[in-house]
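Subject: Structure for your review

Dear colleague,

Please find the structure below, followed by a summary of what was found in it.

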Amino acid sequence: MVRYLARRVATGVGLLLLGLTLIFFVIRTVPGDPAALLASGGGSGDASPEAIAQIREQLGLDQPLWAQYFGYLAGVVRGDFGTSFQFGTDVTPIILERLPKTLELVLGATLIGVTVGIILGVIAARRGGVVSTIITAMGSFAISIPVYVLGTVLVFAIALQLRWLPAGGYVGWEDPADHLRILILPCITLAVPFAAIVATITRSGLVETAQQDWVRTARSWGMSPNSVYGRHVLRNSLTAVLTIVGLEIGLMFGSTILVEQVYSYPGLSQLMIRSVEQRDYPIVQGVAIMAAAFFILVNILVDVLYGVLDPRARRR
């Protein structure tokens, strides 16, 4: 198990380095000079070439691209993600201030999506017939709805018309009740397509596993249907669910950009969008690296759980 975990961690570190490299060079292909934007007050006026050149020198943008890259890589290894162009302060505290807010949405939506998805998948697999058809159709519909459309509909129906929940904003943990009420709609918006995918995978896995010879053998020994499903069929079907959960959490982290805009939620998305507009390379890189690290960490945890559920995976 230790060797299995070490291989997964080494792979994750390599992927993180690759992601860091791609992010560093791709962001610099976006048109616009951050020094010119800063010198002109965010694009609101003209700036002299001398002022732009001076700012480029202060920001280190006058150095060759390869020197900037290796300098940034050395800083990341030390835990230094650079200094924000627009705020003039370290990037790490700026990101860490907003990161927990976004993680709340992702983890809350994951909890709802996995719980509801597995329950619906089990119901569809065990009941079959019309029930399975209805759940599958509802899942296909839920997957096809863009999250920003679903979010807008929920805001209009639940918040504005019925006035059951707030339409958006943010309240800290000093008021736990209001804090949780604000999280409900954004989490549901993210969880609906996630639950639909989990339900589809769970149903398919259960139906396929239930047809195996060893399941029929367990039933022939007199085990109750609930025991067969709980102890054997469901557990052996969870490996496929775990795989899709690891992938979907990463995609859901990206979907928060749209959801946070719909609900005016002060997570990483607003910071990311403003930083892209201002060509604030250090913040854009820092947010992207944090997202990549989160995605890789989740998939390492999924691989570990996969190895626990299926010991054969440790030998791969």
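Is Asp-178 buried, partly exposed or exposed? Asp-178 counts as partly exposed, because its relative accessibility is 30%; the classes are buried under 20% relative accessible area, exposed over 50% and partly exposed in between, with a 1.4 Å probe and protein chains only.

Two remarks on conventions come next. This is a predicted model, in which local features need pLDDT of at least 70 and side-chain atom pairs count only at pLDDT 80 or more, while totals for chains, interfaces and linings use all residues. Residues are numbered from 1 along each chain as its sequence is written, and side-chain values use heavy atoms, with hydrogens and water left out.

Overall architecture

The chain has twelve helices and zero strands, where helices (H or I, at least four residues) and strands (E, at least two) are DSSP runs numbered from the N terminus. Of its 316 residues, 40% count as buried. The accessible surface comes to about 16800 Å², by the Shrake-Rupley method with a 1.4 Å probe and, for residues, only the protein chains shown as cover. Carbon and sulfur atoms hold 65% of that surface. Among contacts (heavy atoms within 4.5 Å) with a separation of 6 or more, 73% join residues 24 or more positions apart. Val-233, in helix H10 (residues 225-262), is buried at 0% relative accessibility.

Charged residues

The structure holds one salt bridge, defined as a side-chain nitrogen of Lys or Arg within 4 Å of a carboxyl oxygen of Asp or Glu. Asp-178 forms it with Arg-181, and the closest N and O atoms are 3.6 Å apart. The two residues are separated by about one helical turn, because they stand three residues apart in helix H8 (residues 176-210). Arg-181 is also partly exposed, at 33% relative accessibility.

Lys-101, in helix H5 (residues 91-127), is buried yet has no salt bridge. The nearest side chain of opposite charge is that of Glu-97, 5.1 Å away; Lys and Arg count as positive, Asp and Glu as negative, and His and the chain ends are not counted. Leaving aside residues up to four places away in sequence, Lys-101 touches Tyr-170, Tyr-265, Pro-266 and Gly-267. Its charged end sits over the ring of Tyr-170, 5.1 Å from the centre, by the criterion that NZ of Lys or CZ of Arg is within 6 Å of the ring centre and within 35 degrees of the ring normal.

Aromatic residues

There are seven aromatic pairs. Rings of Phe, Tyr and Trp (its six-membered ring) pair if their centres lie within 6.5 Å; planes under 30 degrees apart count as stacked, over 60 as edge-to-face and the rest as tilted. Tyr-69 and Phe-70 form an edge-to-face pair, with 5.2 Å between centres and 70 degrees between planes. Tyr-69 is buried, with a relative accessible area of 10%. Ring pairs link Phe-24, Phe-25, Tyr-69, Phe-70 and Tyr-72 into a cluster. The charged end of Arg-28 sits over the ring of Phe-24, 3.7 Å from its centre.

Backbone

Most residues other than glycine have a negative phi. Arg-163, however, has a positive phi of about 55 degrees; this exposed residue, at 67% relative accessible area, lies in the loop between helix H7 (147-161) and H8. Ser-264 has a positive phi of about 50 degrees and lies in the loop between H10 and helix H11 (268-277).

Yours sincerely
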